[in-house]
Amino acid sequence: MKRIIVPIAATVAASLLVAACGEAPAKTSANGSGTVVVTVVSGDMAAWVKSAIPLFEKKYPKINVVENTETQEQLLANATQLYSSNDAPDLAFLQTNMSAYPLLVKAGDLEPVDDVWSKDGLANAVPTDVSDGPWKQDGHYYGVVTDQTWAPDIFYNKALFAKAGISVSDGYRPTDQEFLGWIKKLKAIGAQGLAIGGDDFTAKHITGALTQAWTTSSAQWNEYVSNAATTSNDTPLYSKGPYLEALQTIDAWNKAGVFAKGSAGMTAAQAESLFASGNVGMLSDGPFDLPAIMSGNPPFDIGWMMYPTMSTGTKTPFLTYTGDGFAIPTHAKNPVGAKLLAEFLASPQGQALLPAAGSIPIRSDLSKSLESDLLPQIQEMMAMMPSLGTAPIWSPAQNVETEATNGFGELLTGQTTPDGLAAAVQEMVGSGQS
Amino acid sequence: MTLLRTASATSRELPQRRHPVRGRHREIWVTVVLMLPALILAAVFLLYPIINTIQLSFQDWPGLGPATSAGFSNFTQLVSDPGFRTAITNNLLFAVVVTAGTVGLGTVLALAIDNRVRFWRIYRFVFFLPYVMPITVVAIMWSNALDPNFGWVTHTLSFIPGVSDGLLDTPSSAIWGVCWVAIWQLSGFPMVYMVAALSTIPPEVEQAAQLDGAGPVKLAWRVSLPMVRDTLATVVLLQLIFSFKVFDLVQALTQGGPGNSTQVLGTLIYRDAFINNDFGYASAVAVVATIIIVLISLAYLAVFKPGKIERHG
């Protein structure tokens, strides 16, 4: 018996000793000194924060920043629980369209950061629809916007287009008929039409873009953007009108062979690989994924164009997204240090690092010369943005997005009809609001 | 005489050493004290989560803040949800096909190995290897192989109708593609069990059957398999339960898509709870899924009685 008890007791004692010697929780300090843990989504955001940390630590030598990287999927699944727990990071990456943001605000799990928006004139350096947008809840800011982007664009393979005899310049906005004509020409030379990650967020983007294309006024589009369940005259928003017409267009495009083989089950990354392989004429994506595509050195030049316009709709603009940002959980162990880091990332100095990491700054008061760090296509898009126009992106609630994404795959594979999917989404919007 | 004296002395001494009632009480106390830590752990980590999930299935809870009562609405929503019906159908199909496939293939491989066919050691290693491979590795490997544009399997088998469109990218074939990958990966598990069971059969029994003129097939069907039917029944039950609980392979391979065509209960629960933040509805799905698994397991136990086979077989 003694032979058993002694090793067990020794193990327990050793474990207790190790636990006692472990890292003690960081103490809150008035000047933010100590460690600041920041959680970032992987990709260009993580690259940007990584490049900002040395400069921040140089400015605040008593603060040490630890960067934790999570994938978008991990954050979607864990953000609500993680950021409301005692293990919350000091500075947490969030997106306004994630269900976590309003939930955390409502539960009082995020610190107000109004003073960060006042610092360095951030609120005045961003468009008013951003400063008055979803970052502001109940009259206060609970997160700090970091960058801007837009989606979807159509990237095209210039070599294949030339081979197919399609003449098009960057920034072109085709009609639906022109677009379908290109598909025939691409198929005639043995290429495929449009690659899209139909099992990913890009499915939401195409649905949004085509819905916008079928709207007849910016007011009508804003009803979709604000996710109203009904229009002013009590007409269901999703089971009729532009949304249904968008689904009918997707269905018609599918029947016309627009989408590349396997699009229904593809992720965005798989669609990018397929496009980069050189056998597909076009890719539905956004500027945020262009650096990854270009890093693979595709053996052809890549151009870009706007989404096609429909027969009776409005001209398709850039659908802008400004929902990336950081928040400070109330359980943060170093909220002072976290606020200093948030201020730094939103400051002109922090924003100036974004282009080199492949992202687009949100501040309008930065030097134009910084844009030279962006890819030429993105620079061109930014230059043409005033003439081509902008509108806010459609960012539905998470359950509606899931239904729309699954529905896109079902539509492409004949498991549902435009009417069936539109009715299902309408029901989902209604249940979400109730 | 010495023995009798000793026995008599012992019987006289026993009542003095231990009072029967007091001794029984003490035994009960010792049992309770020894079992208490395990009971507390089971109550905290097993019973409480189960009760909590059942409670949550009658509530609406987005993951934060107080839950609100929802009555039976989660369950009524579940009945009318086509995604749930698809998940149930897929789960049943997956469980039956994968159990039959893995146990069938595993048993055939085990019989071959037991008969010491040529290179049997290599077969044993090669066929067990997929079982120890991480699910994500298997998923990446097969999703690349079955890719409609780049997949080597797709190109090799493109003469078969439907394969060229991508086995995992076509709704009508996607669930079969997932089943195939599961059979490929999991057959090593029943194989190892059956190899172990077959090795316990006395060689004389098989030799006697061979002397009576039984060929390899007849020997396997009439002699070997009946003698290991208890193991076979247990392996089938285990595979059935594993298959019903499937989540990781489907999540890594197709995430339930395209559309909802490979949605199973595990991926549906994950999606509703952690992506849509609808923990009440996800709990209702989990409760129903658990009831189904328990009912199927009980029905299987009632029909095949693996325990009885083991005791008397």
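**Notes on the two-chain model**

1. K204(A) touches N97(A), W394(A), P396(A) and E401(A), not counting residues up to four places away in sequence; contact here means heavy atoms within 4.5 Å. K204(A) is found in helix α10 of chain A, residues 201–214. Helices (H or I, at least four residues) and strands (E, at least two) are DSSP runs, numbered from the N terminus. With a relative accessible area of 7%, K204(A) is buried. The term buried means under 20% relative accessible area, exposed means over 50%, and partly exposed lies in between (1.4 Å probe, protein chains only).

2. On conventions, this is a predicted model, in which local features need pLDDT of at least 70 and side-chain atom pairs count only at pLDDT 80 or more, while totals for chains, interfaces and linings use all residues. Residues are numbered from 1 along each chain as its sequence is written, chains are lettered from A and ligands numbered from 1 in the order in which they are written, and side-chain values use heavy atoms, with hydrogens and water left out.

3. How much area is buried between chain A and chain B? The value is about 2,200 Å², and carbon and sulfur atoms give 53% of this. Buried area is the accessible area (1.4 Å probe) that two parts lose on being put together, summed over both. Chain A brings 29 residues to the contact and chain B brings 26 residues.

4. Between chain A and chain B there are 8 residue pairs in polar contact, both residues being at pLDDT 80 or more. A polar contact is a pair of N or O atoms within 3.5 Å; within protein, one must be able to donate a hydrogen and the other to accept it, and residues adjacent in sequence count only if both atoms are side-chain atoms. The count of salt bridges between chain A and chain B is 0, a salt bridge being a side-chain nitrogen of Lys or Arg within 4 Å of a carboxyl oxygen of Asp or Glu.

5. On the side of chain A that touches chain B, at least two residues each come from α3 (72–84), α4 (100–106), α13 (268–276) and α18 (398–412) of chain A. Of these, α18(A) gives the most, with 6 residues. The residues of this side of chain A divide into 8 nonpolar, 17 polar and 4 charged. Ala, Val, Leu, Ile, Met, Phe, Trp, Tyr, Cys and Pro count as nonpolar, Asp, Glu, Lys and Arg as charged, and the others, Gly among them, as polar.

6. Over all chains, the structure holds 8 salt bridges. One of them joins the side chains of K339(A) and D115(A), at 3.2 Å from N to O. K339(A) lies in helix α15 (residues 335–346) of chain A and D115(A) in helix α5 (residues 114–118) of chain A, so the pair ties together parts that are 224 residues apart in sequence. Both partners are partly exposed: K339(A) has a relative accessible area of 21%, and D115(A) has 38%.

7. Another salt bridge joins the side chains of D170(A) and K158(A), at 3.8 Å from N to O. Because D170(A) lies in the loop between α8 (158–163) and α9 (176–188) of chain A and K158(A) in helix α8 of chain A, the pair ties together parts that are 12 residues apart in sequence. D170(A) is buried, with a relative accessible area of 15%, whereas K158(A) is partly exposed at 32%.

8. In chain B, D272(B) forms a salt bridge with R271(B), and their closest N and O atoms are 3.8 Å apart. D272(B) is buried at 5% relative accessibility, and R271(B) is buried at 15%.

9. Helix α8 of chain B (residues 171–186) has 16 residues and should span 22 Å at 1.5 Å a residue; its end C-alpha atoms are 23 Å apart, which agrees. The expected span is 1.5 Å times one less than the number of residues. Among the buried residues of α8(B) are P171(B), I175(B), C179(B) and Q185(B). The buried residues of α8(B) pack against α4 (82–114), α5 (120–132), α6 (135–145), α9 (188–198) and α13 (248–253) of chain B.
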